[in-house]
Amino acid sequence: ISWEIDAGTRLVVAGDQHSGVTETCAWVYLVARVLYVPAYAWGVYGVRSLIWSVGWIATGVMLVAALV
């Protein structure tokens, strides 16, 4: 697990900010990282960057949702 999702999940749990948004964002992040591995292995450069960005955006939304 990378540091950004770890920080996000810690913030959600510590702040008791569980919601449908935070759960969805965590799943989107996980799926994006799983899809990134074959995209990296096959050298699909444009899609790979898009997948990585989706994971980062999901993490950012989760952090904002946890702070609101």
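Visitor: Which residues does His 18 touch, not counting residues up to four places away in sequence?

Guide: Contact here means that heavy atoms lie within 4.5 Å, and with neighbours up to four places away left out, His 18 touches Val 12 and Val 13. This is a predicted model, in which local features need pLDDT of at least 70 and side-chain atom pairs count only at pLDDT 80 or more, while totals for chains, interfaces and linings use all residues. Residues are numbered from 1 along each chain as its sequence is written, and side-chain values use heavy atoms, with hydrogens and water left out.

Visitor: Where is His 18 found, and is His 18 buried or exposed?

Guide: Helices (H or I, at least four residues) and strands (E, at least two) are DSSP runs, numbered from the N terminus; His 18 is in the loop between helix 1 (3–14) and helix 2. Buried means under 20% relative accessible area, exposed over 50%, and partly exposed in between, with a 1.4 Å probe and protein chains only; His 18 is exposed because its relative accessible area is 53%.

Visitor: How does the span of helix 2 agree with its 23 residues?

Guide: The expected span of a helix is 1.5 Å times one less than its number of residues. For helix 2 (residues 20–42) that gives 33 Å, and the end C-alpha atoms are 33 Å apart, which agrees. Just after helix 2, Gly 43 takes a positive phi of about 70°.

Visitor: Which residues of helix 2 are buried?

Guide: An α-helix has 3.6 residues a turn, so residues three or four places apart point the same way. In helix 2 the buried residues are Thr 22, Cys 25, Tyr 29, Ala 32, Arg 33, Tyr 36 and Ala 39.

Visitor: Which residues form the aromatic cluster, and what sits over the ring of Trp 52?

Guide: Rings of Phe, Tyr and Trp (its six-membered ring) pair if their centres lie within 6.5 Å, and planes under 30 degrees apart count as stacked, over 60 as edge-to-face and the rest as tilted. By this rule there are two aromatic pairs, and Tyr 36, Tyr 40 and Trp 52 form one cluster. A charge sits over a ring if NZ of Lys or CZ of Arg is within 6 Å of the ring centre and within 35 degrees of the ring normal; the charged end of Arg 33 sits over the ring of Trp 52, 3.8 Å from its centre.
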